[in-house]
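Here are my notes on this model, as numbered points. Please read them with the coordinates open.

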Amino acid sequence: MLSENTIKIVKSTIPLLVSAGTGVTEHFYNRMFTHNPELKHIFNMSNQATGKQPFALFNALAAYAQHIDNLEVLTSALNRINHKHASLNILPEHYPIVGHHLIETLRELVPDAFTAEVEEAWTQAYQLLADICITQEQGLYRSNAEKAGGWTGERRFVIAEKNQESELVTSFTLTPIDGGVVAEHLPGQYLGIKVKPEGLDYTEIRQYSISDKATASQYRISVKKEAGSPMGLVSNYLHRLSEGDEVEVYPPAGDFYLQLTNKPVVLISAGVGLTPMMSMLETLVQGQLNHSVHYLHACENKKQHSFFERVAELCEQHEALSAHTWYNEESEASLINHAHDNNQIRESSGLMALTRIQGEIPIKEGDFYLCGPNGFMSFIKQQLILLGVEPAQIHYEVFGPHTDL
């Protein structure tokens, strides 16, 4: 526990953090990677290049300082971060390195304000946070190791099957080289995939949602081929791989997953955000549906609509399931020409407008799951709140560094 004086001192530094802005975290990362370049094997260097990671870390530091006397407020954010760390195989020995460079960054950027008293307060505050994260992450590692088919660290998998789902998305079915079973994942969770694209000095780790229901023999991820560099570095590399090629995989992780209840479910996605939704959908329909399931999806056009045929097939098989897709680039006339006989499948043009279907979705009693670009999820969350959906009914997955909608 921190003393009241330590808490007071840390809170007093919030204006310093705000005035320095993301310059604090940019300096921190530059310093850390200069002195400890081996950490480039772990951190997502594309997010460093775009500024997403420094921005996310600055927000996390400011939030920690603000709520240091009431850390329960940060429980959800810390849980999400710890799952992400587990997918990167972050270990206890990494925390002293990060803590050292954080303290030295503050000393170098605000030397006049960073007194011995402030240094001691921030050292204690960081150690408390590190202890919380280490404890929770070790719990995740133990849980993964104890599952049937579970493991810790890297495990080599082979690409057993590769299927193109749409113009930009390809699915990879992964089976373990050792021939053993794989740990069951919760629908919505992701895998950490470790690769070393040609020409790079460091390995890269990315998280990809599992896009199928749990089996004991394999995982399936569905990857969008991103345009350009740096964001498309790993996805383009994966798309160049062939069946029979190998990748290293960390165990399933992620705090965004389907809660199996008797409540109606609404799955809402955009673009490649449909990958965890497919895992949820396949999980829901493998048993007898005793509640309604509504799948709402948005994408640019029909060529980019992944899993369209599979969702249509499931709608044919289950009366309780309905699907509605919004195409941003398709005209109403083109959609009319491709109208479906099954009235459980509907299509619209333009942006997803929930007010037009509010009478069809379970506003008061449903659970709503969102995945897609942050701007899309914020847009949908605002609509749901205005329609009367309680925030506790809304669950979402964020791509990349943690942020709030």
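1. Which residue in S4 is the bridge partner of Ile193? Arg206 is. Six bridges join strand S3 (residues 190-195) to S4, and the two run antiparallel. Strands here are DSSP runs of E with at least two residues, helices are runs of H or I with at least four, and both are numbered from the N terminus. Two strands pair if DSSP finds at least two bridges between them.

2. On provenance: this is a predicted model, where local features need pLDDT of at least 70, side-chain atom pairs count only at pLDDT 80 or more, and totals for chains, interfaces and linings use all residues. Residues are numbered from 1 along each chain as its sequence is written, and side-chain values use heavy atoms, with hydrogens and water left out.

3. The antiparallel sheet is open and has six strands, ordered S4-S3-S6-S1-S2-S5. Strand S4 (204-209) and strand S5 (219-224) are at the edges with a single partner strand each, so one side of each has no neighbour in the sheet. On average, neighbouring strands are turned by 40 degrees against each other, direction ignored. Axes are lines fitted to C-alpha atoms (for helices, over the stretch in contact), with angles from 0 to 180 degrees between N-to-C directions.

4. Helix H9 (residues 233-240) packs on that sheet. H9 touches S1, S2, S3, S4, S5 and S6, and its direction makes about 75 degrees with that of S4. Contact means heavy atoms within 4.5 Å.

5. A parallel open sheet also has six strands, in the order S10-S9-S8-S7-S11-S12. Strand S10 (345-349) and S12 are its edges, each with a single partner strand, so one side of each lacks a neighbour in the sheet. Neighbouring strands here are turned by 15 degrees on average, direction ignored. S7 and strand S8 (residues 293-299) run parallel and are joined by six bridges. Ser269 has His297 as its bridge partner in S8.

6. Helix H11 (residues 308-317) lies across S8, S9 and S10. H11 runs at about 150 degrees to S9.

7. The whole structure holds 15 salt bridges (a side-chain nitrogen of Lys or Arg within 4 Å of a carboxyl oxygen of Asp or Glu). Arg80 pairs with Asp255 in a salt bridge, with the closest N and O atoms 3.5 Å apart. Arg80 sits in helix H6 (residues 75-88) and Asp255 in the loop between S6 and strand S7 (265-270), so the pair ties together parts 175 residues apart in sequence.
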